[in-house]
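The exercises below are meant to be worked with the sequence and the 3D view side by side. Try each task before reading its solution.

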Amino acid sequence: MSNDQPTSGQPPEDDPFRKQPHEPPPSGSPYDSAPPPPPYDPGPYGGGGPYGGTDPLAGMPPLAEPGKRILARLIDFLIISIPLYLISLPWGGAVEVSDNNGNGSGVSDVFSQTYSGHQLVWSLIGLVVYVAYDTYFTHKDGRTLGKRMLKLRVAMLNDGRVPDTGASFLRAVVLWLPALLCCPCLWWLINIVLMFTDKPYRQGLQDKAAKTVVVQTN
């Protein structure tokens with residue numbers, strides 16, 4: 001599939017992830033007077049959309065398995081964090097693990113110093129890099145490098161297209177801002193739990209904000 005995005009923001013006609021519209025029967029067909037078939041197979045996610053309408057997932061690939069999403073996110077995290085940490089070493093490293101006397105500090109000291117001095121600077125640099133990475137690849141074709149390896153893709157819930165720049169940026173900010181500057185452990189825990197329990201679309205908080213889902217690809 002070409003990575004070029006149409007200027008109108010709509011997916012190309014041959015996008016394999018695009019929802020396929022229902023084709024009406026030819027004029028004069030004996031089915032003209034018959035009622036149209038159901039718009040989708042409810043499958044395992046319940047009977048229709050969240051308000052009883054047509055399921056937005058109709059015509060889209062199946063939702064991604066939570067385990068694959070977690071592994072893809074871990075791959076993306078390592079792809080960015082390892083080079084970023086190595087670059088930060090000449091300036092003291094991106095994570096401070098010793099006290100002022102050079103002795104190893106406890107876990108509480110590590111957390112208390114995480115955002116002090118140059119640590120805050122590197123946290124902000126990391127935030128910019130992570131958000132830029134996610135925004136670029138999500139807008140490009142819905143797949144970060146981790147998602148590409150695991151054959152996953154981000155899609156807009158309403159029509160299955162690749163997220164535009166605004167949706168991609170919002171999704172990245174909601175995902176990484178709390179994770180890097182506020183409450184990382186709690187934030188990741190909430191998102192992991194939502195991937196397993198959210199019905200019917202397995203949306204993390206970033207998906208709910210940007211109105212996206214993660215689906216499988218071939």
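**Exercise 1.** Find which helices each supply at least two residues of the lining of the second largest pocket, and describe that lining by class.

*Solution.* Begin with the helices: H1, helix H5 (165-181) and helix H6 (184-197) each supply at least two residues of the lining, and the largest share, 6 residues, comes from H1. Next, look towards the centre of the pocket, where Ile70, Arg73, Leu74, Trp188 and Met195 lie nearest among the 16 lining residues. Then sort the lining by class, which gives 10 nonpolar, 2 polar and 4 charged residues. Finally, note the volume of this second largest pocket, about 260 Å³. A pocket here is an open set of points on a 1 Å grid where a 1.4 Å probe fits, with protein on both sides within 12 Å along at least five of seven lines, and a lining residue has an atom within 4 Å of a point.

Before going on, keep in mind that this is a predicted model, in which local features need pLDDT of at least 70 and side-chain atom pairs count only at pLDDT 80 or more, while totals for chains, interfaces and linings use all residues. Residues are numbered from 1 along each chain as its sequence is written, and side-chain values use heavy atoms, with hydrogens and water left out.

**Exercise 2.** Work out how far apart glycine 59 and glycine 160 are, in sequence and in space.

*Solution.* Glycine 59 is found in the segment before H1, and because its relative accessibility is 46%, it counts as partly exposed. Along the sequence, glycine 59 and glycine 160 are 101 residues apart, yet from C-alpha to C-alpha they are 8.5 Å apart in space.

**Exercise 3.** Summarise the protein chain as a whole: what is the order of its elements, and what percentage of its residues is buried?

*Solution.* Counting gives 7 helices and 2 strands (DSSP runs of at least four and at least two residues respectively), and from the N terminus they run α-α-α-α-β-α-α-α-β. Of the 218 residues, 39% are buried.

Definitions and conventions. Buried means under 20% relative accessible area, exposed over 50%, partly exposed in between (1.4 Å probe, protein chains only). Grid points are joined across faces, edges and corners, and a volume is the space filled by probe spheres set on the points. Ala, Val, Leu, Ile, Met, Phe, Trp, Tyr, Cys and Pro count as nonpolar, Asp, Glu, Lys and Arg as charged, and the others, Gly among them, as polar.
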